[in-house]
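Biologist: I would like a close look at a single part of this protein. Please start with the whole chain, then take me to that part and its surroundings.

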Amino acid sequence: ETSILSTEATLNFHSKYMSYGVVYGNDPILVPGVCATFFDWAYIGVESIFDLTKGNGKGFGYGNRAGKYTTIDAFVGLAHEFDLGETIGTLSVDFGYMYEYFTRNTQKVEDGCIWDSQYLMLEMSLDGHWLVPTLYVERDLMYDDGTYASLTLGHDFEIYDGLTITPSIGQGIGNSLRTKGYFAELKKVEGFNHGGLMDTTIKVELEYSINDWLTFGAYVAYYDYLFDDKMREAAAAYNAQWGAREDKTWNFVGGLSLTASF
């Protein structure tokens, strides 16, 4: 039976703020969000990122935002599952639009510009197989006009009723506009204009259904830039902004989550 309205509220904790496999914030963040879905097709939602300490603002040049939000992401879209038969499986398609708003306090003084951006996003996954492939494509419409994509392969292991562990591996790729938007401003890689393979992610996720409406989650992830020397140099320079010992391409990150569905 098609549900007229379903709502999902989430609260996520991340030990570091990672973006495209590099460290966007070296201290923990908290990400609350809510999403409403109508007739199992259309959805609308919002989520926000809160700094938990003053470290991210101090390191990235926007001051102390501890306990305050730094971004608000508002999104709308269409998502649905299509049963393509036993051989092909179930195709999940999610097409959405997001406006990312940065508080004006978070702008670097020397930038003289607004960091806001808009995105078109498409995610497709094919369930019903031992390895589930997920393709994600993102187009930035405002900040750098770049395109990013990632392909992930994962498998669910049901340990016992209500408890699932999912290991996965993913690889990202970006065009020159996308990578230039992230790396070109760095002095060590000034003039960077090189597209190619970006972040590799190896992740293990745990999900436990506490009851019919509340789910607990946890994950640990390894991020690295493995396949492109120019990208590795750029990623190391980006991470080095957080200190001399951070000039590396890899990072281990963990997180926790609670999801309430109604």
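Modeller: Start with overall size. The chain has 262 residues, and a compact globule of that length would have a radius of gyration near 18 Å. The protein chain has 19 Å, so the value agrees with a compact globule. Keep in mind that this is a predicted model. Along the principal axes, the C-alpha atoms fill a box of roughly 55 × 35 × 35 Å.

Biologist: Good. Which residues of helix 3 are buried, and what do they pack against? Please give me one connected answer, with the rest of the chain as background.

Modeller: First, the background. The protein chain holds three helices and 15 strands. Of its 262 residues, 40% count as buried. Take the contacts with a separation of 6 or more: 55% of them join residues 24 or more positions apart. The accessible surface is about 14,100 Å², and carbon and sulfur atoms make up 60% of that. The chain carries 17 positive and 36 negative charges, and their mean positions lie 16 Å apart.

Now to helix 3. This helix covers residues 229–239. Its buried residues are Met231, Ala234, Ala235, Ala236, Ala237, Tyr238 and Asn239. An α-helix has 3.6 residues a turn, so residues three or four places apart point the same way. Now look at the partners.

Asn56 counts as buried because its relative accessibility is 2%, and the cut-off for buried is under 20%.

Finally, compare a residue in a strand. Leu11 sits in strand 1, residues 5–14. Its relative accessible area is 39%, so Leu11 is partly exposed. Beyond residues up to four places away in sequence, Leu11 touches Leu30, Val31 and Pro32, and also Leu256, Ser257 and Leu258. Leu11 and Thr179 are 168 residues apart in sequence, and their C-alpha atoms are 30 Å apart in space.

How values were computed. Residues are numbered from 1 along each chain as its sequence is written. This is a predicted model: local features need pLDDT of at least 70, side-chain atom pairs count only at pLDDT 80 or more; totals for chains, interfaces and linings use all residues. Side-chain values use heavy atoms; hydrogens and water are left out. Helices (H or I, at least four residues) and strands (E, at least two) are DSSP runs, numbered from the N terminus. The radius of gyration is taken over C-alpha atoms; the globule rule is 2.2 Å times the number of residues to the power 0.38. Buried means under 20% relative accessible area, exposed over 50%, partly exposed in between (1.4 Å probe, protein chains only). Contact means heavy atoms within 4.5 Å. Accessible areas come from the Shrake-Rupley method with a 1.4 Å probe; for residues, only the protein chains shown count as cover. Lys and Arg count as positive and Asp and Glu as negative; His and the chain ends are not counted. The place of a charge is taken as NZ of Lys, CZ of Arg, CG of Asp or CD of Glu.
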